[in-house]
Amino acid sequence: MAEKEETDPKAQPKSESEDVGVNAQKVLDDLSEFLDPSFLGNFMRDRLHIDESGKKVLDEVSVEGVARYIKDNKCKNIITMAGAGISTSAGIPDFRSEGSGLYDNLQKYNLPCPEAIFTIDYFRENPKPFFVLAKELFPGTLTPTPCHYFIRMLHDKGLLLRHYTQNIDTLERISGLPDDKVVEAHGTFHTSHCLTCKKEYTMEWMKEKIFSDVVPECEETNCKGVVKPDIVFFGEALPKRFADCVGEDFEKCDLLIIMGTSLKVQPFASLSSRVSKDCPRLYINLQAADPAPAGFLAFLMPTSGFDFDSEKKYRDVFKQATCDDGCQQLAALIGWGTELKTLIKTETVKINKENGKSEKPEKVKAV
Ligand SMILES: [Zn+2]
């Protein structure tokens, strides 16, 4: 049979058509280097007569306009979305960023790739490198940032529908946001579970193990399973609460504030496109947004589709700043500047007291 195929001339066209398939893909790939995905997206939308714009609800498409929108009680269901950038000033390094130095002392473990540390299959085989890294990630004291307290203020004023975070550092909870207001999309260090018998452990228990340089082992009789923090590893599903809340929240949202994330990690990044077309979106980040995926077919992918600069812009505002500065400036524009400073001061003193520190709060900063 195999011999016949080799000598059968009819086999030839089949292999040629396969070549054509490969070549077509190559042509698409080559084209993608010359064509701008946003150009293609606009071209397709024009041809299909898709009008994507909604109602302009801001009196001005600027941070000042967003501030007035909040001040004039025009929004009551604010959603905040946050990434690592809101926690960097709390001394928590972004473990995804290259050159953070976090991976340097892991070389002796011969990891297949740095991401293996966060892969569930690798963790089951060899949990040690993760716990070495976790020790680096844990700051001595967990102190929320001005940005965290701005989010807390939105809640105190009854304006926060939900806070979605990619962070696992629990700073939102420490800042005083109630559990039901926080969705930790990538899980949390707040609790841990035994991989074998599912027994739950607290963050204090886990922290003590991590700082003792031991792989945390379950204390149930005869179990000895490895205990893993409830952060989401590659190969694990996102928490059910994430999907449940996303389904309910985003259509109600009347102001979306996105902070400290490059919007590159899915499905988190695509959330920004789930609000209504009328919903203003404020993006506070040190780097400019680059939410569009690269490649020829990028215009078919769900993207955030921000429009910060065009003539048609009507709801997207980009504030290039650290999350702390951006939030403090926004608070000042709304008229909450002093109140936010007082909240930060009071809470920081409280946290330092609980941690046995007597020095003055470090995080209070003039705007
Ligand atoms: Zn167990």
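Reader: So what does the secondary structure of the protein chain come to?

Author: Twelve helices and nine strands. Keep in mind that this is a predicted model.

Reader: Noted. How much of the chain counts as buried?

Author: 32% of the 367 residues.

Reader: And what share of the contacts with a separation of 6 or more comes from residues 24 or more positions apart?

Author: Those account for 70% of them.

Reader: Let's do the helix pairs then. At what angle do α7 and α12 cross?

Author: Roughly 115°, with the axes coming within 10 Å. Here α12 is the helix of residues 337-354. Angles from 65 to 115 degrees count as roughly perpendicular, so that is what α7 is to α12.

Reader: Left-handed or right-handed?

Author: The crossing of α7 and α12 is right-handed.

Reader: Which residues make the contact?

Author: On the α7 side you have Pro146, Tyr149, Phe150, Arg152 and Met153. From α12 come Leu340, Leu343, Ile344 and Glu347. By class, that contact has seven nonpolar and two charged residues, and no polar ones.

Reader: How do α7 and α11 cross?

Author: At roughly 40°, and their axes come within 8 Å. The two helices are therefore oblique to each other. This crossing is left-handed.

Reader: Who meets whom there?

Author: Pro146, Cys147 and Phe150 in α7 meet Cys323, Asp324, Cys327, Gln328 and Ala331 in α11. The classes for this contact are six nonpolar, one polar and one charged.

Reader: What about α4 against α11, what's the angle there?

Author: About 55°, with the axes 8 Å apart. For the ranges, α4 is residues 63-71 and α11 is residues 323-334. That pair is oblique as well, given the angle, and α4 passes α11 in a right-handed crossing.

Reader: And which residues meet in that one?

Author: Val63, Glu64, Ala67, Ile70 and Lys71 in α4, facing Gln329, Leu330, Leu333 and Ile334 in α11. Sorted by class, the contact of α4 with α11 has six nonpolar, one polar and two charged residues.

Reader: Change of topic: where does His186 sit?

Author: In the loop between β3 (182-184) and β4 (187-194).

Reader: Is His186 buried or exposed, and why?

Author: Buried, because 20 other C-beta atoms lie within 10 Å, and the cut-off for buried is 20 or more.

Reader: What is His186 in contact with, leaving aside its neighbours within four places in sequence?

Author: Gln166, Ile168, Ile231 and Val232.

Reader: And how far apart are His186 and Phe234?

Author: In sequence, 48 residues; in space, 10.0 Å from C-alpha to C-alpha.

Note on methods
Residues are numbered from 1 along each chain as its sequence is written. This is a predicted model: local features need pLDDT of at least 70, side-chain atom pairs count only at pLDDT 80 or more; totals for chains, interfaces and linings use all residues. Axes are lines fitted to C-alpha atoms, for helices over the stretch in contact, and angles run from 0 to 180 degrees between N-to-C directions. Helices (H or I, at least four residues) and strands (E, at least two) are DSSP runs, numbered from the N terminus. Angles under 35 degrees count as roughly parallel, over 145 as roughly antiparallel, 65 to 115 as roughly perpendicular and the rest as oblique. A crossing is left-handed if the near helix is turned anticlockwise from the far one by less than a right angle, and right-handed if clockwise. Two residues are in contact if their C-beta atoms, placed from the backbone, lie within 7 Å. Ala, Val, Leu, Ile, Met, Phe, Trp, Tyr, Cys and Pro count as nonpolar, Asp, Glu, Lys and Arg as charged, and the others, Gly among them, as polar. A residue is buried if 20 or more other C-beta atoms lie within 10 Å of its own, exposed if 12 or fewer, and partly exposed in between; C-beta atoms are placed from the backbone.
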